[in-house]
Amino acid sequence: MVTAADHGFMGQALELAARGLYTTTPNPRVGCVIARDGTIVGAGWHEKAGMPHAEVLALKAAGARARGATLYVNLEPCSHHGRTPPCADAIIDAGVGRVVAAIQDPNPRVAGAGFARLRAAGIAVEPGLMEDEARELNIGFFSRMTRGRPWVRMKIAASLDGRIALANGKSQWITGEAARADGHRWRARACAILTGFGTVRDDDPQLNVRGVDTPRQPLKIVVDSKFETSPSARLLKGGKTLVVGAVNEEKEISALEAAGAEVIMIPNDRGKVELFGLMEELGRRELNEVHVEAGTKLNGSLLEAGVVDELLVYLAPSVIGDSGRGMFHLPEITELSQASALKIREVESVGADLRILARI
């Protein structure tokens, strides 16, 4: 039976897990708390791949006090040998009496096997506590494990009338400093930041994380069908960059590779990048979350391809007018029922701007 104390301890496990928001990829964010007689005797969180899992760290901190205690963790303990040994075995060896877990691991190599191993050893297992919160924290990991592709979050900064740039392409800066800083925190949690050639041409962005205390920079991805990105582009100067195209332009490809970029081709039958195929490739590369910051055309193409999961929209208190560039370039629709349906999940003020989080 789940108690109020169980909720409190699971909440603390989730808070610990969130400390790995910027660092655990490709692994999930996991926190663990061990308690007995209403007191925490051990706690830990997973920092990055290859380092000890949260349960192992919590068990080490608890020592002999783990015997007969309750272990709280936001994801099913693993039951397989990966970069580290199975956590389920460590829990059994420590003599833990009860395990309260938020959600079953979607990884097919686990997927209930961890729970089964614990139960077979006589440990009481109670899954499902704060399941929604646990899924949201690792939404990209769940996406990759269940769909084979990352969770795609599209960030858009726009005027109140939905314009992301002037007619001449200028967009710096529509939103305020606070919104831009907040956008970097969303960049930091992603495995990759994706843009298009048009944005690279018009803005020459660095496409990195700034102003956030993180030891890891996301992969930079440019969708560039004809490999027109300049080898002197700023995004090629630091960190890893993947340029994805569709036309075999040997001279341009060689120049980009010489500048340090990785180049791949994923063409569709129209000489453009096959966007769904690109997301499947990113899933194979173990990317959990992809953060998009692109222009009108690529935004529309990604939405039309059905690979966008969430919109992160910053609206500034300004009006640009019909001459400005819209958020999405999409085919004309003739009925409102054909419009892309969204579910607003969150609306918050960030400085002078509004931040809207909407799910497709």
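These entries record what I looked up on one helix, one hairpin and the cysteines.

**Entry 1: the model.** I worked from a predicted model.

**Entry 2: helix H10.** I first examined helix H10, which spans residues 275–284. Seven of its ten residues are buried, so I recorded the helix as largely enclosed by the rest of the structure. The buried residues are Leu275, Gly277, Leu278, Met279, Glu281, Leu282 and Gly283. I then looked at both ends of the helix. At the start of H10, I found a side-chain oxygen of glutamate 274 within 3.1 Å of the backbone nitrogen of phenylalanine 276. After H10 comes glutamate 286, for which I noted a positive phi, near 65°.

**Entry 3: strands E1 and E2.** I next looked up how strand E1 (residues 31–36) pairs with strand E2 (residues 39–45), and found the antiparallel sense, over six bridges. Alanine 35 lies opposite isoleucine 40 of E2. The hairpin formed by E1 and E2 has two residues between the strands, and there I noted a positive phi near 55° for aspartate 37.

**Entry 4: cysteines.** I searched the whole structure for disulfides and found zero. With 8% relative accessibility, cysteine 191 counts as buried, the limit being under 20%.

Note on methods: Residues numbered from 1 in each chain as written. Predicted model: local features only at pLDDT ≥ 70, side-chain atom pairs only at ≥ 80, totals over all residues. Heavy atoms only, no water. Buried < 20%, exposed > 50% of the residue type's maximum accessible area, 1.4 Å probe, protein only. Helix = DSSP H or I, 4+ residues; strand = E, 2+ residues; numbered from the N terminus. Polar contact = N/O pair within 3.5 Å; in protein donor to acceptor, adjacent residues only side chain to side chain. Pairing = 2+ DSSP bridges. Disulfide = S-S within 2.5 Å.
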